[in-house]
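Below is a short briefing on one protein chain. Keep the sequence and the 3D view open while reading the points that follow.

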Amino acid sequence: MSLPSILGGLDPTSDRAVFRQIADQLREAIDRGRFKEGEKLPSEAELVEHYGVSRMTVRNSFSILQGEGLVHAEHGKGVFVRPRPPVRRLASDRFARRHREQGKSAFIVEADAAGSHPTVDSLEVKEEKASQDISTRLGSVRRVLARRRRYLLDGRPVEFAASYLPLDIARGTQIAEPNPGPGGIYARLEELGHQLDHFEEEIRARMPSPSEVKTLQLAAGVPVIHLIRTAFDAAGRAVEVCDTVMAADAYVLSYQLPAT
């Protein structure tokens, strides 16, 4: 497909800056699927020729799209359309007991559904003083077992999570080991007599901190989803708090809500 058939021309009567007009047309072409996920956009030289503008004008247009998280630049190769979120995070199913009974954690279940290979690195397990927020959520505990880890799909970092558990539950158990075993820490909690009853989640979107950009290898303009989840057992006790930061371009959050 030729460039003129994909992109229109500039409107000389518009008060919108030329580089913004070009960004608008490229964005529309991406939204309409004329440039597919992972596909290379026209080069600077091609756009310069098509629009009759300077290279700096084209670069400013690309910068807008990068800031929106729609494209990413590869040095010496060009500018490419960023992939859409590969993982559907189905809230109503991800913590179903049947997954734990099959020896699968929620992340593995989601990775399998996406057809991706899951890995975990940056693992740290230690006892530490609870922050005021974590202490409050866990019922005024002073110290906790903290489990920090980074999750990757096909080698790409997609989330970083820290779980905090009361020491009277976790100390000296397999939960305190680097590998908690099949089904993850929730399977171990239930084996210890803490049958999980429900979860409460708080979710917000924000721009990442510099350390989060580095940890998740985020492109410019990509926000994060910050989720804090508290797990409660059948007796109503909070048995774990999980603080998770996810790359927003890697996930679709999917929920089922009752009508009554």
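In this predicted model, the lining of the largest pocket is made up of 15 nonpolar, nine polar and 10 charged residues. The space in that pocket comes to about 660 Å³. Of its 34 lining residues, Ser-105, Arg-149, Tyr-151, Gly-184 and Ile-185 are the closest to the centre.

**What lines the largest pocket**

- Helix H6 (106-114) and helix H9 each supply at least two residues of the lining.
- The strands that each supply at least two lining residues include S4 (118-129), S5 (143-153), S6 (156-166) and S9 (238-247).
- Strand S4 gives the most to the lining, with five residues.

**Helix H9**

- How many of the eight residues of H9 are buried? Six of the eight are buried, so the helix is largely enclosed by the rest of the structure.
- The buried residues in H9 are Gly-184, Ile-185, Tyr-186, Ala-187, Arg-188 and Leu-189.
- Two of these, Gly-184 and Ile-185, are also among the lining residues closest to the centre of the largest pocket.

**Gly-193, after the helix**

- Gly-193 sits in the loop that runs between helix H9 (184-191) and strand S7 (196-206).
- Just after H9, Gly-193 takes a positive phi of about 100°.
- Is Gly-193 buried or exposed? Gly-193 counts as exposed because its relative accessibility is 60%, and the cut-off for exposed is over 50%.
- Gly-193 and Asp-233 are 40 residues apart along the chain, and 9.0 Å separates their C-alpha atoms.

**His-226, in strand S8**

- His-226 belongs to strand S8, which covers residues 224-233.
- With a relative accessibility of 12%, His-226 counts as buried, because buried means under 20%.
- Which side chains make polar contacts with the side chain of His-226? One is the side chain of Arg-206, at 3.5 Å, and another is the side chain of Asp-243, at 2.7 Å.
- Leaving out residues up to four places away in sequence, His-226 touches Glu-202, Ile-203, Arg-204, Arg-206, Asp-243, Thr-244 and Val-245.

Conventions: Residues are numbered from 1 along each chain as its sequence is written. This is a predicted model: local features need pLDDT of at least 70, side-chain atom pairs count only at pLDDT 80 or more; totals for chains, interfaces and linings use all residues. Side-chain values use heavy atoms; hydrogens and water are left out. Helices (H or I, at least four residues) and strands (E, at least two) are DSSP runs, numbered from the N terminus. Buried means under 20% relative accessible area, exposed over 50%, partly exposed in between (1.4 Å probe, protein chains only). A polar contact is a pair of N or O atoms within 3.5 Å; within protein, one must be able to donate a hydrogen and the other to accept it, and residues adjacent in sequence count only if both atoms are side-chain atoms. Contact means heavy atoms within 4.5 Å. On a 1 Å grid over the protein atoms alone, a cavity is a set of points where a 1.4 Å probe fits but cannot get out, and a pocket is an open set with protein on both sides within 12 Å along at least five of seven lines; lining residues have an atom within 4 Å of a point. Grid points are joined across faces, edges and corners, and a volume is the space filled by probe spheres set on the points. Ala, Val, Leu, Ile, Met, Phe, Trp, Tyr, Cys and Pro count as nonpolar, Asp, Glu, Lys and Arg as charged, and the others, Gly among them, as polar.
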